[in-house]
Amino acid sequence: MIIEAQGLRKTFTTRSRKGTQTVEAVRGVDLEVKKGEIFGVLGPNGAGKTTTIRMLSTLIAPDAGTATVAGHDLLKEPAGVRRNLGYVSQAGGVEDTTSARAQIMMAARIHAVPDPGRATAEVLERFDLTELADRPGRTLSGGQKRRVAIAIGLVHNPPLLFLDEPTTGLDPQNRANLWERIRQLREAGTSVLLSTHYLDEADALCDRLMIVDHGLVVAEGTPSDLKREVSGDVITLRVDEPERAAETVEPLARETRVDDDLLRVYVDDGEHTLPVLLRALEERGLGLSSIALDRSTLDDVFLAKTGRTLRDAGADA
Amino acid sequence: MIRHTLLFTGYELRKSFSNPVWPLFGIMQPVLYLLMFAPLLKTMTPGGTTVEALRMFTPASMMMIAVFGSLFSGFGLIAELRNGSLERYAVSPAWRPAIVLGRVAKDMVVLVLQAVLVLVVAIAMGVRIGAVELVLVLLLMAATGLFASGLSQGLALTVRDENGMSQTLNLFMLPIMLLAGLFVPISFAPDWMKLLAPANPLYHAVEAGRALFDGRLGDASIPIAFGVFVVLAVLTTMWSMRSLSKIAG
């Protein structure tokens, strides 16, 4: 295990003119990350992902709980944790006026890397940044900046890398490109803890993940196990009388969910259930305006565990 | 600890001089003051000569650079708070105070460069000062700058907003400037200002600077100024290092 955490908690108190407000950002999180795996923390904005990562990276002290990170006790040996950590925050931490090379070199020096010049050149090469290396940070595009941020976090070759929402704000090409690079980290043996509010990202990248909501872990496992737990496929129907339709298809489904005029039917084998289901609806004379059959996604897992879709949860926050 | 402080000092200095135009502008300002303000003061000085005016104004302009040059250096920290680089340094094995101390040390280096330039111009214009006095003036200026730089970093980490920071600085700058007798010595001021002036630390620095430029090494203002600024510099520097713990806030 490269990370083992039990019962992490953090409550923030903010004082304003309206009085004191407390926010329970993290309400008891247990977490285990194995050596060499990419572990995801998936959840809507405000679920406590960033707070969890900040606690594990020694940036803020937990109110309760214990953790061992990269072989060091989080509370007793924060210096040991910091030596073994690469940390890429949501903001990225790329400075505007300084070149990528200077910033990476500085990080290498702080970590007392034996040959900072060479380590910098290597990591620049690895992230295709050699040509951009001497341009000031502000002239780089969003995707280039992200790569610089990760290069800074990796120059000392840490066994563990934290990536807080690494692809937020990137266009699809840059996202795909970054995913590929994150996968390569696994091949290099680096353990990664990554937070994201993108389902496809968690699904595509993570060996294992946990879903968090309101500061609590609601599910944990490999993406395929989690999806199998919900069901194999999901049939989404737009119908006139969703409640009655739900009643009708109940015997065919593992679970049904009504969301306005949308009816979601969770089934094990969508291809074979679909014709039967359509016939049942027709027999009852229920009008149907659209239909879709999909493999269930992590959003369905989130919905099953929290009663909300991740998209709705994001809008609340 | 020292290694990390030097590391950050070097990094900040390279950053400052990567575009040498800005530090050059910063260095030009005090020289322009000497060239353009001293002649204006001529009519108010007892002797009525440019050299007399310069002897009064050079120490004042040096203290002015020390305070106002360094007071703005905290703005850089706010930018780094926002782009996340400060957070990144806080998670690194860097000795945390070095992150702030490196900046303060950078300000000191820039200050010394400016001071030397001002002195060269002043000497070229006919001002004379003894070696001991010169060293003491530079030390006093460094202590003043250290106080201002520490204050600025601490303020930046506490206020965390460029707008709030510039308003706060503006609020304090004018009274501190006038009550120190930077431009017009306090001896010209009405009684109530004379009473208030000693409460302004900068007043003591300016008085001591003038005494040094006059060659009055035994003047009481000199130990007072050093005492005040060494204490203040230590306090603000400690405050700025403490404020670093709020990075994650």
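Predicted model: local features only at pLDDT ≥ 70, side-chain atom pairs only at ≥ 80, totals over all residues.
Residues are numbered from 1 along each chain as its sequence is written, and chains are lettered from A in the order in which they are written.

Contact, taken as C-beta atoms placed from the backbone and lying within 7 Å, links 18 residues of chain B with 26 residues of chain A. On the chain B side, at least two residues each come from helix H1 (2-18), helix H4 (75-83) and helix H5 (85-91), helices being DSSP runs of H or I with at least four residues, and strands runs of E with at least two, numbered from the N terminus.

In chain A, strand S9 (residues 208-213) runs antiparallel to strand S10 (residues 216-221) and is joined to it by five bridges, where pairing requires at least two DSSP bridges. A:Ile211 stands opposite A:Ala219, and in the two-residue turn of this hairpin A:His214 has a positive phi of about 50°.

The largest nonpolar core comprises 158 residues, of which A:Ile104, A:Ala151, A:Val265 and B:Met63 touch the most other members; such a core joins buried Ala, Val, Leu, Ile, Met, Phe, Trp, Tyr and Cys residues through C-beta atoms within 7 Å, buried denoting 20 or more other C-beta atoms within 10 Å. Not counting residues up to four places away in sequence, A:Ala151 touches A:Ile104, A:Val123, A:Leu124, A:Phe127 and A:Leu129.

For chain B, the unreviewed UniProt entry places the feature "transmembrane region" at spans including residues 60-79 and 108-129, an annotation that may be inferred rather than shown by experiment. Residues 60-79 of chain B are 85% helix and 0% strand, with end C-alpha atoms 31 Å apart, whereas residues 108-129 of chain B are 77% helix and 0% strand, with end C-alpha atoms 22 Å apart.

Notes: Contact = placed C-beta atoms within 7 Å. Buried ≥ 20, exposed ≤ 12 C-beta atoms within 10 Å, placed from the backbone.
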